[in-house]
Amino acid sequence: MSSKLIYAVYDDPDTTVEAGRIVTDAGIKVNTVYSPFPVHGIDDAIKLPRTRISVAAFLFGAMGTSFAAWMTWYMLIYDWPMNVGGKPSFSFAENFPSFVPVMFELTILLGAHGMIWTFFFISGILPGAKNKNPDPRTTDDKFIIEIDPSKQAQKEDEIIGMLKNAGAIEINRGE
Amino acid sequence: MKYEFSGKLKIASIAATVIGLVLILVSFFIYGDNITRVWANLLVTSFFFTGVAVAGIFFVAVNLVGEGGWYTVFKRIPEAMSTFLPFGMFFLLIVVVAGMLGAHDIYKWMNPEIVAQDELIQGKSGYLNNTFFLIRFAFYAAIWIGFAFMLRKMSLRDDMLGTYEHYIKSRNRAATFLVLFAVTSSTSAWDFIMSVDVHWFSTLFGWYTFAGYFVSAIAIMLVIVLHLKRNGFMPTVNMSHIQDLGKFLFAFSIFWTYLYFSQFLLIWYADMPEEIVYYIERYDTSYRPWVLVMVVLNLVLPLLVLMTRDSKRNATTLTIISLLVVAGHYMDLFQMVMPGAVGEKWGWSFPEIGALLFFAGLFTFVVLNTLTKAAVEPAKGTFLEESKHHAI
């Protein structure tokens, strides 16, 4: 019993954010919150660390730019020198403007794909992944705060009492 | 709370205006042999600040039509910026009329002797002639100034009424303005700026010019918001508003680059003599370093610095970047006008500094003075609560 996770069910997004804030401020670590839609302010309330997806986006974007620069140079200057726009200079620097659209597009392409695949990989959403949702109602109109009582300083009853006081409509237990 | 125009800033702005005026008058005597240079500087700066002022109403109108709520707590600032329009357009009118009277030759098509020998200008004279130009000028002045004052008045009335019906009414007026501005923003850019290089034309020139002064307007708005917040006049403006303005600055800097580069790429690639001459005048002459610095200030700097969230939430970084972007877009307008107006006979001394000081000082004075006339933060409004709780 003691190692089982606590699932506090709420039926309103604002109550959920408030409950998350109350338990987090009391020093309890919230594992995660399940919700049918993105809830505004929840990441602040349960003190989630800031996402680093923007760093990934920048790196993937920079990868796209440099890959496109290398690709246009290799294809149109080195491997098969092209007469760009009637200016047979065969120099990357002088033909640079016509390569900008390619570099721009590949920056977007790699940035967008890199971000979405990084997100899938980190969240463990891959083909054949098992459903981790504890309660199918969180895909409809319920919100669940998940807490692991074995990792908290407070007693289990105390945590459950706090969650109930904050407006939980039911408390479930699970693995 | 009303804004108090503090002594130091007030004196500084008046001093800048007076010194600027003196420098302009002095340069009329010093540069008697190159009087066009002085007038061209007046054109650059008056058009720049007129554009910033009209972009102020544009910002308000776009948010009204899009039913955007977030900007409500600082809407007095773009509104105050738009009250500079009568001043900016007055000096623009002086430059235009002086050209028609033959005081300078920025606009070659205003000179009947040149037109008589130039078949290309003759072909355009149905559009580019003195009478029609003045009619268009009156049309711009009526629309821009009229809507600026109407929207500001309606917004101030909103402080007392705060009803949804009143909001819808001002939204409909804003929609009318946007339709008219869609046309006048393009044609005014052709008239005042593109017709300096009278043989040359570019179809996206209007957008390119508009993007330049819109970015400048966002940057100036950001500087004023930060200044007012630092001095405690805007307690309800939070970091989310400031970050969103920073995003605007970032996004529209890229938008400006997109248009600038689109215009350049097609002309550079096609390499047709009648078009490429525009860029030869700018890249293969003494203007080259000026243009390169301009691109760095308008693209590289905001792109790299404003990319992170932290820099968009740092008042000092934002102020510095905003001022540099404003400088960059002034330089952009400078290199749009000068090569066509004076060619290689340009420089950086009395006329340039004078015109810049005069208009920057006057703009600061007029805008901040308008801010003292009404409470900086609206008392009522349909989206006021939403705006106060703006969080991203």
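## Helix α14 of chain B

Of the 27 residues of α14(B), 20 are buried, so the helix is largely enclosed by the rest of the structure. Buried here means under 20% relative accessible area. The model is predicted.

The length of α14(B) checks out. At 1.5 Å a residue, its 27 residues should span 39 Å. The C-alpha atoms at its ends are 39 Å apart, which agrees.

Both ends have local features to inspect. Just after α14(B), B:Gly343 adopts a positive phi of about 65°.

## The second largest pocket

The second largest pocket has a volume of about 640 Å³. It is lined by 24 residues. Closest to its centre are B:Ile220, B:Val223, B:Leu323, B:Ala360 and B:Thr364. Five elements of chain B each give two or more residues to the lining: α1 (7–30), α2 (35–65), α9 (205–230), α14 (315–341) and α15 (350–371). α15(B) gives the most, with 8 residues.

By class, the lining has 19 nonpolar, 4 polar and 1 charged residues.

How values were computed. Residues numbered from 1 in each chain as written. Chains lettered and ligands numbered in written order. Predicted model: local features only at pLDDT ≥ 70, side-chain atom pairs only at ≥ 80, totals over all residues. Heavy atoms only, no water. 1 Å grid on protein atoms, 1.4 Å probe; cavity = no way out; pocket = protein on both sides within 12 Å on 5 of 7 lines; lining within 4 Å. Points joined across faces, edges and corners; volume = space filled by probe spheres on them. Helix = DSSP H or I, 4+ residues; strand = E, 2+ residues; numbered from the N terminus. Nonpolar A, V, L, I, M, F, W, Y, C, P; charged D, E, K, R; others polar. Expected span 1.5 Å × (residues − 1). Buried < 20%, exposed > 50% of the residue type's maximum accessible area, 1.4 Å probe, protein only.
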